[in-house]
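Subject: Structure handover

Hello,

Here is the structure for you to work with. My notes follow below it.

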Amino acid sequence: MKNTSPTFSFRKRALSFKYAFQGIVGLIRAEHNAWIHTFAAVVAVTLGFLLNISVQEWIVVIILIALVLAGEAFNSAIEALADHASDTIHPLIGKAKDFAAGGVLFLATAALIVGCIIFIPKILLLFS
Ligand SMILES: Nc1ncnc2c1ncn2[C@@H]1O[C@H](COP(=O)(O)OP(=O)(O)OP(=O)(O)O)[C@@H](O)[C@H]1O
C-alpha cells in the first residue's frame, strides 16, 4: 500500500511554529477584544506575583488565561472564515459569529469569577 503521509521535516515543523506565532501577533494587533483579554492576563499574572499565589492557583490562572486567549483566537478565525464565505448579510453567518462570541463570553466570565475567588481574599487581607 502506498504511504500517502508526507515525510517528517524539521524545517516544516519550525515553519508551523512561525505561522502560529504570526497568528498570535496578528490576533493581538488586530482584534480589540484580544487587547482586553491580553491586558486582563497581564493584570492576573502581575497580581499573581505581587500576592504570591500558590502553585495550584498559578496552574488555574495559567489554564484560564490560555483558554480565554485560545477562545478569542478560534472566535476570530470563525469571524474571518465567515466574512470570506459571505460578504452579504446572512442570518446563518450572524448565528455562527454570535455562537463563537458566546463561547468566548463563557470562558471570560468563568475566568473573571475564578480570578475574583483567588485574588479578592488576598487583596482584602492586605487591608485587614
Ligand atoms: N455577514 C453577516 N450577516 C449577518 N449578521 C452579521 C454579519 N456580520 C456580522 N453580523 C452580526 O452583526 C452583529 C455585530 O457584528 P460585529 O462583527 O460588528 O460585532 P463584534 O463581533 O462585536 O465586532 P468586533 O469585530 O469589533 O469584535 C453580530 O450579532 C454579528 O453576528
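Glu31 touches Glu72 and Ser76, leaving out residues up to four places away in sequence. The model is predicted, and what follows should be read with that in mind. Glu31 sits in the loop between α1 (10–30) and α2 (32–50). Glu31 counts as partly exposed, because 17 C-beta neighbours fall inside 10 Å and the threshold for buried is 20 or more.

Annotated positions

UniProt, in an unreviewed entry, lists Glu31 and Glu79 under "binding site". They span 49 residues in sequence, but no two of their C-alpha atoms are more than 10.9 Å apart, so they gather at one spot. Glu79 is placed in helix α3. Glu79 is also partly exposed, with 16 C-beta neighbours inside 10 Å. Its contacts, not counting residues up to four places away in sequence, are Lys97 and Ala100.

The "binding site" annotation in the unreviewed UniProt entry covers Glu72 too. Glu72 belongs to helix α3 (residues 55–85). Is Glu72 buried or exposed? Glu72 has 25 other C-beta atoms within 10 Å, and because 20 or more is the cut-off, Glu72 is buried. Apart from neighbours within four places in sequence, Glu72 is in contact with Leu27, Glu31, Asn33, Ala34, His37 and Val104.

Ligand shell

The residues around the ligand are His32, Asn33, Ser86, Ile89, His90, Ile93, Gly94, Lys97, Asp98 and Ala101. Which helix gives the most to the shell? That is α4, with five residues. Both α2 and α4 (91–126) supply at least two residues each. Sorted by class, the shell holds three nonpolar, five polar and two charged residues.

Helix α2

The buried residues of α2 are Ala34, His37 and Ala44. They cover an arc of only 85° around the axis, which puts them on the same side of α2. As background, an α-helix has 3.6 residues a turn, so residues three or four places apart point the same way.

What do the buried residues of α2 pack against? They pack against α1, α3 and α4. Just after α2, Asn52 takes a positive phi of about 55°.

Remaining items

Phe10 is in helix α1. Phe10 has 7 C-beta neighbours inside 10 Å and therefore counts as exposed. Between Phe10 and Phe74 there are 64 residues in sequence and 26 Å in space, taken C-alpha to C-alpha.

Regards

Note on methods:
Residues are numbered from 1 along each chain as its sequence is written. This is a predicted model: local features need pLDDT of at least 70, side-chain atom pairs count only at pLDDT 80 or more; totals for chains, interfaces and linings use all residues. UniProt positions are given in the numbering used here, feature names are shortened, and annotations may be inferred rather than shown by experiment. Helices (H or I, at least four residues) and strands (E, at least two) are DSSP runs, numbered from the N terminus. A residue is buried if 20 or more other C-beta atoms lie within 10 Å of its own, exposed if 12 or fewer, and partly exposed in between; C-beta atoms are placed from the backbone. Two residues are in contact if their C-beta atoms, placed from the backbone, lie within 7 Å. A residue is near a molecule or strand if its C-beta atom, placed from the backbone, lies within 6 Å of it. Ala, Val, Leu, Ile, Met, Phe, Trp, Tyr, Cys and Pro count as nonpolar, Asp, Glu, Lys and Arg as charged, and the others, Gly among them, as polar. The arc is that of the directions from the helix axis to the C-beta atoms.
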